[in-house]
Amino acid sequence: MKVLVTGGAGFIGSHTCLSLLEKGYEVVVIDSFVNSHKKSLKRVIDILKLNKNINNVNIEIMELDIRNENALDKLFFEYQSNGNSIDAVIHLAGLKSVKDSLLNPLTYWDVNVNGSINLLKVMNRYKCRTIVFSSSATIYGISSNESLKENAEIKPINPYGRNKVAIEDLLNDTFFSDKNEWKIANLRYFNPIGAHPSGIIGEDPMDVPNNVFPYITRVAAGILDKLTIFGNDWPTLDGTAIRDYIHVMDLAEGHIAALNKLIECDHQIMNINLGTGIATSVLELVETFERVNSIKVPFEFADRRLGDSCKVIADNSLALSFLAWSPKRDLEEMCVDGWKWQLLNPTGYK
């Protein structure tokens, strides 16, 4: 089966491509490389070559922006003409910084939403109607719930989250326009961290990290002076915000489980949370990282950021029951694997 992965060179994309290839899928990657690295996929191939049980690595990589409908059309046409059509899409391409989305909303709507419209138009044209979409827990907005079910109120508080909702709405409308044809999974991620346990691939933000974990690793490595923790007056046990951290390899495997479910089932659309369901405060994350890696992470507190939530925790019961998937790696493994990536790659992929 041939799977197109958009944004396949990014943090989640590279780990997902690795999982697909390990399962024997043929993979086609398109990526604009605006906020990702070409070397990540070369490293994926390196990992696979170390696995003596894998004889062939079926991956093709090309630079392509999903806003370019003509280039997308040409891609699908060429594969179909060669009798080797694209069967399904895992759609990860897009800009992903909440902060940048507030500063550059037009760019975010153009890349994330217009790009997705182009992708779906071309998929429909070539009768490729199976898609796993990279959505986000940011669509839920601020909630007082202990954990978030898929039917929780959709109320994003930034342009990035509104982009994700718009694309989910687009996919929903597309499905109901011809529900005898489309198979769609919206995967709502919580907080992916860590890296492949080999340390060969991992997260490499292009600029100063927006997410807490790569910030922690860079502070631990001495690249950045100290970590800033936003808010120590939240109504939690230690005053810091609580999140649901999931190992990026568990997240990657969640994509394969969702794709397999779409393949084996009748036409449907599903919304599924991918998280551990475990609440971890920012301070607990820092303390776990320090303990398992025997290193200190200097930090300071700052005021809460506008739009931050106190708790964002997944109710992952639907994923556990429906996808026959479960997160296997704990917070300690996330911290060990993420630190190994940092130590082996002090300048990332550069």
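Colleague: In what sense do strand S9 and S14 pair, and over how many bridges?

Modeller: S9 (residues 242–243) and S14 pair in the parallel sense, over 2 bridges. Strands here are DSSP runs of E with at least two residues, helices are runs of H or I with at least four, and both are numbered from the N terminus. Two strands pair if DSSP finds at least two bridges between them. Bear in mind that this is a predicted model, where local features need pLDDT of at least 70, side-chain atom pairs count only at pLDDT 80 or more, and totals for chains, interfaces and linings use all residues. Residues are numbered from 1 along each chain as its sequence is written, and side-chain values use heavy atoms, leaving out hydrogens and water.

Colleague: Which residue in S14 is the bridge partner of Arg243?

Modeller: That's Val312.

Colleague: And what order do the strands of that open sheet have?

Modeller: The order is S12-S9-S14, 3 strands with mixed pairing. S12 (280–281) and S14 (311–312) are at the edges with a single partner strand each, so one side of each has no neighbour in the sheet.

Colleague: Switching to helices: at what angle do H9 and H11 pack?

Modeller: H9 (residues 282–293) and H11 (residues 331–344) pack at about 65°, with axes 9 Å apart. The axes are lines fitted to C-alpha atoms, for helices over the stretch in contact, and angles run from 0 to 180 degrees between N-to-C directions. H9 and H11 are therefore roughly perpendicular; angles of 65 to 115 degrees count as that, under 35 as roughly parallel, over 145 as roughly antiparallel and the rest as oblique.

Colleague: Which residues make the contact?

Modeller: Leu285, Thr288, Phe289, Arg291, Val292 and Asn293 come from H9, while H11 brings Leu331, Glu332, Cys335, Val336 and Trp339. Contact means heavy atoms within 4.5 Å.

Colleague: What about H3 and H5, at what angle do they pack?

Modeller: About 30°, with the axes of H3 (residues 69–81) and H5 (residues 105–125) 9 Å apart. H3 and H5 are therefore roughly parallel to each other.

Colleague: One more: is Leu323 buried or exposed?

Modeller: Leu323 is buried, at a relative accessible area of 6%. Buried means under 20%, exposed over 50% and partly exposed in between, using a 1.4 Å probe and protein chains only. Leu323 lies in the loop between H10 (317–322) and H11.

Colleague: What does Leu323 touch, beyond its neighbours within four places in sequence?

Modeller: Its contacts are Gly254, Ala257, Ala258, Lys261, Met270, Ile272 and Leu318.
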